[in-house]
Amino acid sequence: MKETSIIAFVPRYFFLTLLLSIPFLLFLSYRSSTTTKHSERLSSETSSGLKIRPGYKTYESYIQRQLNKTLNPKLREIWRTRDWDRKIQVFARFFSELKQKKLLSNDSKALSIGARMGQEVEALKRVGVSDSIGMDLVPSPPLVVEGDFHNQPFEDGTFDFEFSNVFDHALYPEKFAGEIERTLKSGGVCVLHVSVNKRADKYSANDLYSVEPLKKLFKRSDLVHVRTVDAFGLDTEVAFRKKKAI
């Protein structure tokens with residue numbers, strides 16, 4: 001009788017243990033699947049060469065984050081004083097070299113995107129490109145007008161030349177590139193200074209790991225020039241020419 005009870009108890013114990021184990025096994029399976037998908041997503045983002053940084057719940061929160069830098073009184077004082085002449089000299093050298101490469105001329109109507117206080121604009125004027133203007137979230141007259149590079153306040157085909165060293169601040173890189181191509185004239189040139197060898201600052205909205213994503217973003221342009229530069233923490237200069245309409 002006792003042996004019969006033991007035999008009856010074993011199947012019950014086995015099935016009870018199995019029943020209690022099912023939720024745990026399902027949890028392990030879900031966790032493994034979630035981890036794999038997350039790893040695949042990160043791998044895909046990284047392998048694509050361009051990764052958007054998380055943390056912006058709304059476009060307004062993104063804009064406010066950028067304004068926190070642009071309106072920082074200490075930074076604005078530095079841009080106006082200590083950095084002013086130094087940056088103008090460096091930008092003037094870059095623009096002079098672009099003129100030598102026939103990517104920029106004195107007749108060009110030029111735009112500097114994300115121009116802050118206007119050092120790039122002043123540099124363009126000093127090398128002979130007199131019809132130059134800058135654009136930033138915060139205007140700085142007379143060199144810089146107010147504008148969002150995701151939605152430029154200019155008509156189609158306005159400029160012959162556009163320069164920017166703030167690609168890393170674009171939350172929507174496709175809109176950033178699309179607006180440049182929209183406002184460039186046919187045959188116009190866009191020059192970007194970007195960082196591909198080290199991560200950009202804490203206000204950046206994306207991280208770029210190669211030039212390849214830029215080639216895909218500028219759908220209506222041809223890549224004409226890539227070189228290494230030393231440009232205030234940025235290491236690569238990339239130039240595109242907008243294709244002429246057929």
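**Close-ups of a pocket, a cavity and a buried aspartate**

**View 1. The largest pocket holds about 450 Å³ of space.** Keep in mind that this is a predicted model.

**View 2. Three helices around the largest pocket: H3 (73–80), H4 (84–100) and H5 (119–126).** Each of these helices puts at least two residues into the lining of the largest pocket. H3 is the top contributor here, giving 3 residues to that lining.

**View 3. The largest cavity, with about 220 Å³ of space inside.** Gln66, Thr70, Asp136, Leu137 and Phe149 sit closest to the centre of the largest cavity, out of 17 residues that line it. Helix H2 (59–70) and strand E3 (132–136) are the elements that each give two or more residues to this lining. H2 takes the largest share, with 5 residues. Searching the whole structure turns up 2 cavities of 30 Å³ or more.

**View 4. Asp207 in strand E7 (residues 206–208).** Asp207 counts as buried because its relative accessibility is 8%, and the cut-off for buried is under 20%. What does the side chain of Asp207 join in a polar contact? Its partner is the side chain of Arg53, at 2.8 Å.

Notes:
Residues are numbered from 1 along each chain as its sequence is written. This is a predicted model: local features need pLDDT of at least 70, side-chain atom pairs count only at pLDDT 80 or more; totals for chains, interfaces and linings use all residues. Side-chain values use heavy atoms; hydrogens and water are left out. On a 1 Å grid over the protein atoms alone, a cavity is a set of points where a 1.4 Å probe fits but cannot get out, and a pocket is an open set with protein on both sides within 12 Å along at least five of seven lines; lining residues have an atom within 4 Å of a point. Grid points are joined across faces, edges and corners, and a volume is the space filled by probe spheres set on the points. Helices (H or I, at least four residues) and strands (E, at least two) are DSSP runs, numbered from the N terminus. Buried means under 20% relative accessible area, exposed over 50%, partly exposed in between (1.4 Å probe, protein chains only). A polar contact is a pair of N or O atoms within 3.5 Å; within protein, one must be able to donate a hydrogen and the other to accept it, and residues adjacent in sequence count only if both atoms are side-chain atoms.
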